[in-house]
Amino acid sequence: MGKPAKPISRTEFLLDTFVTVTLYGSKDEAALDGTIELCRYYDDLLDRHDPKSMISRLNSAQEPVEIDPGLYNMLETALRLGALSQGRYDITIAPVMDLWDFKGDTGKVPSQDALEQALARVGQENVRLLENHRVELLNGAQLDLGSIAKGFIADEIARYLREQKVPGAIVNLGGNVIAVGKKPGDKPFVIGVQKPFADRQETVGTLEVTDLSLVSAGLYERCFTGEDGVLYHHIIDATNGMPARTGLLSVSILSSSSTRADALSTLCFLLGPEEAMELVEDMEDTEAIFLTIDGKTLLTSGLVDRYKPTK
């Protein structure tokens with residue numbers, strides 16, 4: 001037998017990050033092209049800052065809007081998980097996120113008055129899911145799906161690659177990683193947990209995975225230091241409009257569903273380690289890694305024997 005074929009890879013800047021798809025045991029360039037086109041399709045659909053996108057049309061509509069069935073399912077997942085968060089995780093957070101403007105080069109802390117006005121429009125009870133994939137937003141609510149969209153897109157790419165009979169692949173959407181199948185030689189993939197405030201290649205530990213997704217949410221991803229010397233980050237608590245202070249640096253969720261892993265990583269960060277640990281331990285097909293500000297690594301029971309700290 002000869003050596004296994006070298007993996008083939010494609011990288012594009014989409015979803016406001018670098019998207020890399022790597023195929024193992026396959027030379028199917030068309031499958032690579034297909035993954036990038038799929039990613040671009042959902043990028044166009046879900047970019048709320050693009051007035052032509054489906055999510056923008058929904059955010060500005062005064063009546064129910066029929067949306068993509070996959071997007072409808074994503075909203076169902078987000079609302080179901082949001083109900084477990086005591087109001088902290090809420091996809092109608094868009095008006096508050098606009099005040100913070102973490103997309104800009106420099107951040108500015110919003111005034112309390114502005115926050116209160118924006119928070120008056122936040123509440124997932126304002127999202128009505130209707131039949132025939134129609135959605136209605138009430139009371140000036142607007143959706144921000146940044147906490148779940150990349151996970152959903154990763155799942156769609158993974159489904160597409162399985163349809164194309166690709167034997168193994170790694171899809172990396174700027175830290176949202178999903179492994180499809182296995183590496184040549186029937187070997188699992190090894191994926192790392194990013195070290196906070198370090199280069200994306202630096203890890204604090206690794207896991208062997210097959211057909212699983214690992215998604216991390218951390219305060220280091222988008223942040224700025226205010227005039228008061230305080231670090232403000234983009235994981236906003238929807239109950240008060242402020243960055244969550246839960247003693248965590250990051251949360252990484254392992255699940256076969258990247259959609260669920262994506263939303264849960266943010267939700268668990270907002271809950272803090274104790275509540276989040278209890279929540280995840282009660283979930284099937286879900287594990288978590290918590291990195292705390294005081295330097296601890298906390299693992300759910302299913303990872304105790306699987307997680308390997310980086311030396």
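Guide: One aromatic cluster is formed by Trp100, Phe102, Phe224 and Tyr232. This is a predicted model, in which local features need pLDDT of at least 70, side-chain atom pairs count only at pLDDT 80 or more, and totals for chains, interfaces and linings use all residues. Residues are numbered from 1 along each chain as its sequence is written, and side-chain values use heavy atoms, leaving out hydrogens and water.

Visitor: Over the ring of which residue does the charged end of Arg245 sit?

Guide: A charge sits over a ring if NZ of Lys or CZ of Arg is within 6 Å of the ring centre and within 35 degrees of the ring normal. The charged end of Arg245 is 5.6 Å from the centre of the ring in question, which belongs to Tyr232.

Visitor: How many aromatic pairs does a search of the whole structure find?

Guide: Rings of Phe, Tyr and Trp (its six-membered ring) pair if their centres lie within 6.5 Å; planes under 30 degrees apart count as stacked, over 60 as edge-to-face and the rest as tilted. On this basis, the search of the whole structure finds ten aromatic pairs.

Visitor: Why is the pair of Phe197 and Tyr220 classed as edge-to-face?

Guide: The ring centres of Phe197 and Tyr220 are 6.0 Å apart. The pair is edge-to-face because the planes of the two rings stand at 65°.

Visitor: Is Phe197 buried or exposed?

Guide: Buried means under 20% relative accessible area, exposed over 50%, and partly exposed in between (1.4 Å probe, protein chains only). Tyr220 has a relative accessible area of 11% and is therefore buried. Phe197 has a relative accessibility of 51%, so Phe197 counts as exposed.
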